[in-house]
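Dear colleague,

Please find below the structure that I am handing over to you. My findings follow it.

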Amino acid sequence: MKLWNNLEFTHPQFLWLLAIVPILAIWYFLIRKKDSATLTLSNTSAFGKPSILSRLKPLLNVLRLLGITALIIALARPRDVNVSTRVNTNKGIDIVMAIDVSASMLAKDLKPNRLEALKKVATNFVNKRPNDRIGIVVYAGESFTQTPITSDKRIIKNTINSIQWGQLDGGTAIGMGLGSAVNRLKESKAKSKVIILLTDGVNNTGFVDPKTATDLAKELGIKTYTIGIGTNGTAPFPVAKDMSGKLIFQNAPVEIDEELLKYIAAQTEGKYFRATNNSKLEAIYDEINKLEKTEIEEYKYYNYDEKYRSLVILGGLLLMFEMLLKFTIFRSFI
């Protein structure tokens with residue numbers, strides 16, 4: 001049983017004894033008063049006014065009740081608890097997100113487009129991984145590391161928010177994106193190493209074969225989750241720019257090399273997902289978050305400051321003071 005934030009009772013069952021206190025109060029001040037002998041006189045003017053001591057006589061009962069109350073609370077053994085916590089997160093996970101930034105990521109089958117939808121979901125994912133290190137790799141016709149693996153979530157989120165299409169040459173080099181992510185993790189000392197590879201197309205360029213990069217990830221024990229982003233059927237893709245520089249969109253078939261993405265996931269003991277809309281993309285990252293649990297060791301240290309001793313002393317002093325008054329100052333009134 002706890003009171004406030006840091007005071008608790010070791011034996012709270014004794015607090016039920018406090019119900020005796022009001023019963024004793026009623027007996028002292030009502031019933032016992034009636035049992036006292038009385039003398040009826042026609043005129044008490046000859047006796048003068050009651051002395052101050054006679055009026056203070058009920059103070060004895062008050063002292064007794066307070067002493068009993070203090071002793072009952074002491075029996076419940078109140079104590080102040082100070083808890084300090086130390087968290088050990090040495091068993092965290094190193095994660096690299098490899099993100100396709102080709103022009104097709106501007107397709108509007110996700111709202112407002114695939115890239116912006118991904119940036120929002122990826123930022124939420126980072127917020128849910130406070131104890132892990134994360135890095136960002138971007139790729140299109142080539143690839144590069146946007147942010148090395150770091151535990152600074154502010155840097156990671158700023159990097160994600162700054163991702164734009166057009167940073168790299170056209171095309172989709174899945175093998176290079178995966179290879180760069182593997183290269184970021186090969187020296188990692190983390191207990192678990194994970195790549196989240198997202199693309200909306202087919203490997204059509206680059207000098208690194210996706211299956212070669214997959215074999216390297218497998219050899220290094222790097223689990224890879226692959227995500228194909230894009231609706232089924234057709235979607236509005238950017239095909240050109242008008243004279244003012246504004247993108248022109250035209251419906252075209254959505255082509256994702258799901259067979260390759262499934263192969264990469266299966267070989268590295270990961271999992272393949274298909275995100276056909278915003279809600280599914282969000283659900284995929286939530287599932288990955290649940291699949292990759294960080295082992296956190298939490299140590300709690302308890303420091304107890306016993307409070308019952310002062311209550312025992314207080315209760316004893318009150319009862320002794322009541323007895324002292326009873327057999328000295330108030331003796332003639334009892």
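The contact between two helices is where I would begin: G175, L178, G179 and V182 of α6 meet P210, A213, T214, L216 and A217 of α7. Please bear in mind throughout that the model is predicted. By class, this contact of α6 with α7 comprises six nonpolar and three polar residues, with no charged residues. Helix α6 covers residues 174-185 and helix α7 covers residues 210-219; their axes come within 8 Å and cross at roughly 20 degrees. Angles under 35 degrees count as roughly parallel, and α6 and α7 are therefore roughly parallel to each other. The crossing in which α6 passes α7 is left-handed.

Helix α4 (residues 114-127) packs with helix α9 (residues 278-291) at an angle of about 25 degrees, and their axes are 10 Å apart. That angle makes α4 roughly parallel to α9. The crossing of these two helices, α4 and α9, is right-handed. On the α4 side the contact is made by A117, L118, V121 and F125, and on the α9 side by N278, L281, E282, Y285, I288 and N289. Sorted by class, the contact of α4 with α9 has seven nonpolar residues, two polar and one charged.

The other partner is helix α5, which spans residues 153-162. Here α4 and α5 pack at an angle of about 175 degrees, with 9 Å between their axes. Since angles over 145 degrees count as roughly antiparallel, α4 and α5 are therefore roughly antiparallel to each other. From α4, the residues K119, A122, T123, V126 and N127 take part in the contact, while α5 contributes K153, I156, K157, I160 and N161. The residues of the contact of α4 with α5 divide into four nonpolar, three polar and three charged.

K111 and P112 are joined by a cis peptide bond, with omega at about -5 degrees. P112 belongs to the loop between β4 (93-100) and α4. The other point concerns R77, a residue other than glycine whose phi is positive, near 55 degrees. R77 is located in the loop between α3 (59-75) and β3 (78-91).

With kind regards

Terms used
Residues numbered from 1 in each chain as written. Predicted model: local features only at pLDDT ≥ 70, side-chain atom pairs only at ≥ 80, totals over all residues. Heavy atoms only, no water. Axes fitted to C-alpha atoms, helices over the stretch in contact; angles between N-to-C directions. Helix = DSSP H or I, 4+ residues; strand = E, 2+ residues; numbered from the N terminus. Parallel < 35°, antiparallel > 145°, perpendicular 65-115°, else oblique. Left-handed = near helix turned anticlockwise from the far one by under 90°. Contact = heavy atoms within 4.5 Å. Nonpolar A, V, L, I, M, F, W, Y, C, P; charged D, E, K, R; others polar.
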